[in-house]
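Visitor: I am new to this structure and would like to know how its descriptions are reached. Could you take me through some of them with care?

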Amino acid sequence: MTAAESLFRKEFGAEPAGLWAAPGRVNLIGEHTDYNEGFVLPFALPQRTIAAVGPAPAGEWTVCSTFDAQSDHPAATLDRTEDSSRVSFGVTEPGEVTGWAAYAAGIVWALRDAGFDVPGARIALDSEVPVGSGLSSSAALESSVLTALIDLGGLDLPLELRPALAQRAENVYVGAPTGILDQSASIRCQAGRALFLDCRSYEIKQIPFDLAAEGLAILVINSNAPHQHVDGEYGARRKSCEEAARILGVPALRDVPLEGLADALAKLDDDVMRRRVRHIVTEDARVLDVVATLRGDGDVRAIGPVLTAGHASLRDDFQISTDLLDLVVDAAVAAGAYGARMVGGGFGGSAIALVDADRLDEITAAIVRRFTAAAPAAPRTFVAVPSAGAHRLG
Ligand code: GAF
């Protein structure tokens with residue numbers, strides 16, 4: 001029995017009507033390009049949030065979880081604890097429910113705001129996605145609740161429209177100005193594939209991504225430094241990109257082609273803004289480059305240097321890496337990884353490394369050695385296997 005199911009029984013003294021799961025994600029390449037209407041290439045993790053859900057009277061929702069509720073900003077500091085915490089709410093407006101429960105209340109709000117008759121529900125949540133690790137624990141929570149409420153209420157919301165609704169919950173209800181990457185990954189990814197998403201049209205292509213068949217693996221290294229958007233750095237990056245697009249006279253930075261980069265940079269006075277633009281324009285090109293390699297007949301290992309170049313761009317131009325993430329990337333490449341980069345929003349969280357499967361232990365040990373010489377605790381590491389998006393378990 002899952003922890004979510006046991007929690008449901010304990011809290012509500014009944015059996016849930018069903019179980020729904022939604023995964024965290026790794027973004028192979030395409031960081032901060034989502035809110036610039038560009039390209040991303042995530043895949044879903046086997047780690048997921050599980051929601052055990054049962055009916056409740058109309059207009060009543062109760063959520064309980066194995067998360068710790070003491071948090072000003074749940075995305076940053078949500079954590080697993082022994083104790084559950086429980087929050088009940090009726091029809092609310094953005095901001096009324098805070099802490100981790102805001103993600104669930106935000107989904108109820110966004111569904112209702114879109115005109116859906118959302119069924120009352122009791123929801124017990126447990127998550128395997130490491131929190132604050134840049135692996136999208138908040139989107140996993142949102143997507144598990146969204147999928148459960150849609151199924152429970154028989155709501156007619158096609159898969160392709162779900163990520164934008166979950167993003168709205170996060171932007172408007174929770175108040176985090178994030179893009180659509182994480183919710184798209186959690187909802188639309190498929191096992192054995194990476195999701196190539198155009199963040200303007202929401203058009204997707206499922207790209208076969210079977211690394212094991214190539215003798216390769218993606219190692220995830222969690223730096224244990226919770227990534228945080230609280231200090232406004234994420235919002236500041238977003239503003240700078242939007243301001244640059246306005247000055248350049250384009251709808252979004254996605255509209256600056258790589259060949260037009262030098263001209264665009266020449267039109268910007270501010271050095272910081274030039275760096276932000278250079279990252280976004282080159283990052284979109286890197287996504288297309290990696291997709292072309294994965295879809296071609298060539299060697300998948302060729303994506304390695306593109307990943308490492310993406311890290312350099314996040315470090316030097318977008319300026320969102322940390323010393324520990326830089327150290328992880330350097331150590332991985334020095335130990336023989338084909339490429340490595342930090343993933344997610346930045347300022348902490350995780351990095352990934354593309355390695356030969358038969359050198360996994362050796363390369364992991366080398367990274368851990370370098371890391372522990374510089375940090376108080378060892379990083380948490382695991383191999384990321386491209387897994388399924390949100391679905392009903394039973
Ligand atoms: C965070 C955000 F939630 C995403 O929308 C995306 O911008 C990502 O940072 C950076 O690529 O995960």
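Guide: In this predicted model, we can begin with Val-355, which touches Gly-215, Leu-216, Ala-217, Ala-337, Tyr-338, Leu-360 and Ile-363, leaving aside residues up to four places away in sequence.

Visitor: What makes H7 roughly perpendicular to H9?

Guide: The axes of helix H7 (residues 233-248) and helix H9 (residues 271-295) come within 9 Å and cross at roughly 90°. Angles of 65 to 115 degrees count as roughly perpendicular, and therefore H7 is called roughly perpendicular to H9.

Visitor: Which residues meet where H7 and H9 are in contact?

Guide: From H7 there are Arg-237, Ser-240, Cys-241, Glu-243, Ala-244 and Ile-247, and these meet Met-273, Arg-276, Val-277 and Ile-280 in H9. The residues of this contact divide into six nonpolar, one polar and three charged.

Visitor: Why is Cys-199 called buried?

Guide: Buried means under 20% relative accessible area, and because Cys-199 has 6% relative accessibility, Cys-199 counts as buried. Cys-64, at 0% relative accessibility, therefore counts as buried too.

Visitor: Which residues have the most contacts inside the largest nonpolar core?

Guide: That core has 41 residues, and those with the most contacts inside it are Leu-253, Val-277, Phe-318, Ala-353, Val-355 and Ile-367. Its largest share, six residues, comes from H11.

Conventions: Residues are numbered from 1 along each chain as its sequence is written. This is a predicted model: local features need pLDDT of at least 70, side-chain atom pairs count only at pLDDT 80 or more; totals for chains, interfaces and linings use all residues. Side-chain values use heavy atoms; hydrogens and water are left out. Axes are lines fitted to C-alpha atoms, for helices over the stretch in contact, and angles run from 0 to 180 degrees between N-to-C directions. Helices (H or I, at least four residues) and strands (E, at least two) are DSSP runs, numbered from the N terminus. Angles under 35 degrees count as roughly parallel, over 145 as roughly antiparallel, 65 to 115 as roughly perpendicular and the rest as oblique. Contact means heavy atoms within 4.5 Å. Ala, Val, Leu, Ile, Met, Phe, Trp, Tyr, Cys and Pro count as nonpolar, Asp, Glu, Lys and Arg as charged, and the others, Gly among them, as polar. Buried means under 20% relative accessible area, exposed over 50%, partly exposed in between (1.4 Å probe, protein chains only). A nonpolar core is a set of buried Ala, Val, Leu, Ile, Met, Phe, Trp, Tyr and Cys residues joined through side-chain atoms within 4.5 Å.
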